[in-house]
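Here is a brief report on one protein chain. Keep the sequence and the 3D view open while you read.

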Amino acid sequence: MYTPPTTEKPKLAKVTLGHLQKLYREKEKITMVACYDATAAAVVAEAGVEIILVGDSLGMLVQGADSTLSVSIEDAAYHTRCVAKTGGRAVVLGDMPFGSYQQSPQQAFANAAKLMAAGAHMIKIEGGALMAETVAFLSARGIPVCGHIGLTPQSVNALGGYKVQGKTDDAAQRVIEDAKALEAAGAVMIVIEAVPTALGTAITEAVSIPTIGIGAGPHCSGQILLLYDMLHFHPGRKAKFVKNFMAGAPSISAAVEAYVREVKDGSFPSPEYCY
């Protein structure tokens with residue numbers, strides 16, 4: 001009896017922190033996408049993305065604010081819960097909002113626990129050496145932590161805007177030391193945002209945990225983009241590191257799959273998307 005060929009994709013295995021470590025050891029690029037709802041999470045996970053970040057960028061892209069600072073821990077938990085319902089094949093990374101972790105390690109634990117209860121597998125906090133004590137406190141209590149250095153959007157007022165960081169030798173060295181401090185404290189991964197390519201490379205070589213770049217050059221262990229950015233879905237000026245993967249793609253799924261392919265084969269980010 002004739003059996004027509006199936007066009008269904010093979011079911012993708014669930015990603016774990018152990019799987020991410022294996023990719024890192026084998027030097028396979030790791031893919032991360034930020035999104036905020038169940039429908040988007042299902043598409044992103046099915047496209048083969050390993051990590052979904054429920055980013056505090058939802059403040060601007062979903063809530064219409066002009067920065068990330070208005071997002072509450074309740075907002076973050078709600079969107080984490082939505083993403084976890086359908087994006088659970090991927091590692092769900094919950095972003096700790098401004099004011100939810102800076103006061104004390106104990107405050108950070110209480111709020112991180114809310115995101116973990118909502119379905120996060122790991123949490124992300126901004127800041128370098130200053131946050132090392134908090135990273136150690138959380139790690140010792142079973143909460144995997146991803147650091148975030150370079151341009152830290154929650155510090156936009158102190159930084160004077162969304163500017164490339166680490167452009168001088170002294171500034172670059174401080175960012176490298178931040179990365180080392182986070183690793184020593186127990187961070188399992190570090191996001192590096194908006195730094196020169198040479199610095200992204202130096203940080204990646206200085207630590208023995210995965211680095212995920214967003215405007216940090218092609219030599220990081222992986223890359224992240226915001227879904228709305230990569231689909232050219234929201235108005236306004238885009239950052240230099242944003243590529244429109246929707247251009248020429250027949251569907252949103254195909255656009256995300258193209259992103260995964262280009263990160264994996266090293267063709268994204270190419271020089272025009274780097275500092």
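## Basis of the model

This is a predicted model, in which local features need pLDDT of at least 70, side-chain atom pairs count only at pLDDT 80 or more, and totals for chains, interfaces and linings use all residues. Residues are numbered from 1 along each chain as its sequence is written, and side-chain values use heavy atoms, with hydrogens and water left out.

## The barrel

Eight strands close into a barrel, in the order β1-β2-β3-β4-β5-β6-β7-β8, with parallel pairing. From one strand to the next, the twist averages 25°. Strands (E, at least two residues) and helices (H or I, at least four) are DSSP runs, numbered from the N terminus. Two strands count as paired if DSSP finds at least two bridges between them.

Strand β1 covers residues 30-34, and five of the five are buried, so the strand is largely enclosed by the rest of the structure. Buried means under 20% relative accessible area, exposed means over 50%, and partly exposed lies in between (1.4 Å probe, protein chains only). Ile30, Met32 and Ala34 cover one side of β1, while Thr31 and Val33 take the other. In a regular strand the side chains alternate between the two faces of the sheet.

β1 runs parallel to β8 (residues 222-226), and five bridges join them. Thr31 has Gln223 as its bridge partner in β8. Val33 is partnered by Leu225 in β8. Towards β2, three bridges join the parallel strands. Here Ala34 stands opposite Leu53. The chain passes from β1 through helix α2 (residues 38-46) to β2, in a right-handed β-α-β crossover. Right-handed here means that, with the strands pointing away from the viewer, the path from the first strand over the helix to the second runs clockwise.

What is the burial state of strand β3? Five of its five residues (91-95) are buried, so β3 is largely enclosed by the rest of the structure. Val91, Leu93 and Asp95 point one way, and Val92 and Gly94 point the other way.

Four bridges join β3 to β2 (residues 51-54), and the two strands run parallel. Leu93 is the β3 bridge partner of Leu53. β3 also pairs with β4 (residues 122-126), in the parallel sense, over three bridges. In that pair, Asp95 stands opposite Lys124. Helix α5 (residues 105-118) carries the chain from β3 to β4, and this β-α-β crossover is right-handed.

## Helix packing

Helix α4 (residues 73-86) packs on α5 at an angle of about 25°, and their axes are 8 Å apart. Axes are lines fitted to C-alpha atoms, for helices over the stretch in contact, and angles run from 0 to 180 degrees between N-to-C directions. α4 and α5 are therefore roughly parallel; angles under 35 degrees count as roughly parallel, over 145 as roughly antiparallel, 65 to 115 as roughly perpendicular and the rest as oblique. Their crossing is right-handed, as the near helix is turned clockwise from the far one by less than a right angle. On the α4 side, the meeting residues include Ala76, Ala77 and Thr80; on the α5 side, they include Asn111, Lys114 and Leu115.

Helix α9 (residues 197-206) has buried residues too, among them Leu199, Gly200 and Ile203. The buried residues of α9 pack against β5 (145-150), α8 (169-185), β6 (189-193) and β7 (211-214). Contact means heavy atoms within 4.5 Å.

## Single residues to check

Thr134 lies in helix α6 (residues 132-140). Thr134 is buried, with a relative accessible area of 5%. Leaving aside neighbours within four places in sequence, Thr134 is in contact with Tyr101, Ser104, Pro105, Ala108 and Ile125.

Most residues other than glycine have a negative phi, and most peptide bonds are trans. Lys27 is not a glycine, yet its phi is positive, about 60°. Lys27 sits in the loop between α1 (17-25) and β1, and is exposed, with a relative accessible area of 75%. Ala194 also has a positive phi, near 55°. Ala194 is in the loop between β6 and α9, and is buried at 2% relative accessible area. Phe268 and Pro269 are joined by a cis peptide bond, with omega about 5°. Pro269 is in the segment after α11 (252-264).
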